[in-house]
Amino acid sequence: MSGSLHVSGAHPSQQSGADERLDVAVGILALLADRTRLALLQRLSEGEADVTTLTESAGAARPSVSQHLGKLRLAGLVSTRKDGRRVVYALRHGHLRRLVQEALSVADYQISGLPPHD
């Protein structure tokens, strides 16, 4: 049996595009799988914030928050802008805000014991 996956009717370029899409999604979900980063993204889903505000909302040490923000920025999930001497962070797009909110909604349902729904 071959080591490559064959999707019936898909051209090799379609397969590589699907693989890339899955790889990028896995990378995004891996970044969200950290409590501090998820807390930062949750706060940023409410609007822009500087490092001081994000440090307070995440409940983590400032150096740790800065490192996590750097990873999120390098991954293209958050953007920055200067406001005087402060750096202000924001989510890059609404898809990420909805993804974070959906993950937290799933957690709410599991915690409360409510049955899932569509």
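Q: How many helices and strands does the secondary structure of the chain contain?
A: Helices (H or I, at least four residues) and strands (E, at least two) are DSSP runs, numbered from the N terminus. In this predicted model, the secondary structure comes to five helices and three strands. Along the sequence, these elements follow the pattern α-α-β-α-α-β-β-α. Residues are numbered from 1 along each chain as its sequence is written. Because the model is predicted, local features need pLDDT of at least 70, side-chain atom pairs count only at pLDDT 80 or more, and totals for chains, interfaces and linings use all residues, while side-chain values use heavy atoms, with hydrogens and water left out.

Q: In what order do the three strands form the sheet?
A: Two strands pair if DSSP finds at least two bridges between them. Here the three strands form an open sheet in the order β1-β3-β2, and the pairing is antiparallel. β1 (49-50) and β2 (78-83) each have a single partner strand and stand at the edges, so one side of each is left without a neighbour in the sheet.

Q: How many bridges join β2 to β3, and how many join β1 to β3?
A: β2 is joined to β3 (residues 86-91) by six bridges, and β1 is joined to β3 by two bridges. Both pairs run antiparallel.

Q: Which residue of β3 is the bridge partner of R81?
A: The partner of R81 is V88. V88 is also the bridge partner of D50.

Q: Is V88 buried or exposed?
A: Buried means under 20% relative accessible area, exposed over 50%, and partly exposed in between (1.4 Å probe, protein chains only). V88, in strand β3, has a relative accessible area of 4% and is therefore buried. For the chain of 118 residues, buried residues make up 29%.

Q: Which residues does V88 touch, not counting residues up to four places away in sequence?
A: Contact means heavy atoms within 4.5 Å. By this criterion, V88 touches E48, A49, D50, S79, T80, R81 and D83. V88 and T53 are 35 residues apart in sequence, and their C-alpha atoms are 9.7 Å apart in space. For the chain, among contacts between residues at least 6 apart in sequence, 48% join residues at least 24 apart.

Q: Where does helix α2 lie?
A: Axes are lines fitted to C-alpha atoms, for helices over the stretch in contact, and angles run from 0 to 180 degrees between N-to-C directions. Helix α2 (residues 35-44) lies across β1, β2 and β3, and runs at about 90 degrees to β3.

Q: At what angle do the axes of α2 and α3 cross?
A: The axes come within 9 Å and cross at roughly 120 degrees. Angles under 35 degrees count as roughly parallel, over 145 as roughly antiparallel, 65 to 115 as roughly perpendicular and the rest as oblique. The angle therefore makes α2 oblique to α3. The contact is made by R35, T36, A39, L40, R43 and L44 of α2 with T53, L54, S57 and A58 of α3.

Q: Into which classes do the residues of this contact of α2 with α3 divide?
A: Ala, Val, Leu, Ile, Met, Phe, Trp, Tyr, Cys and Pro count as nonpolar, Asp, Glu, Lys and Arg as charged, and the others, Gly among them, as polar. The contact has five nonpolar, three polar and two charged residues.

Q: How do α2 and α4 pack?
A: α2 and helix α4 (residues 62-74) pack at an angle of about 75 degrees, with axes 10 Å apart. The two helices are therefore roughly perpendicular to each other. T36, R37, L40 and L41 of α2 meet V65, H68, L69, K71 and L72 of α4 in the contact.
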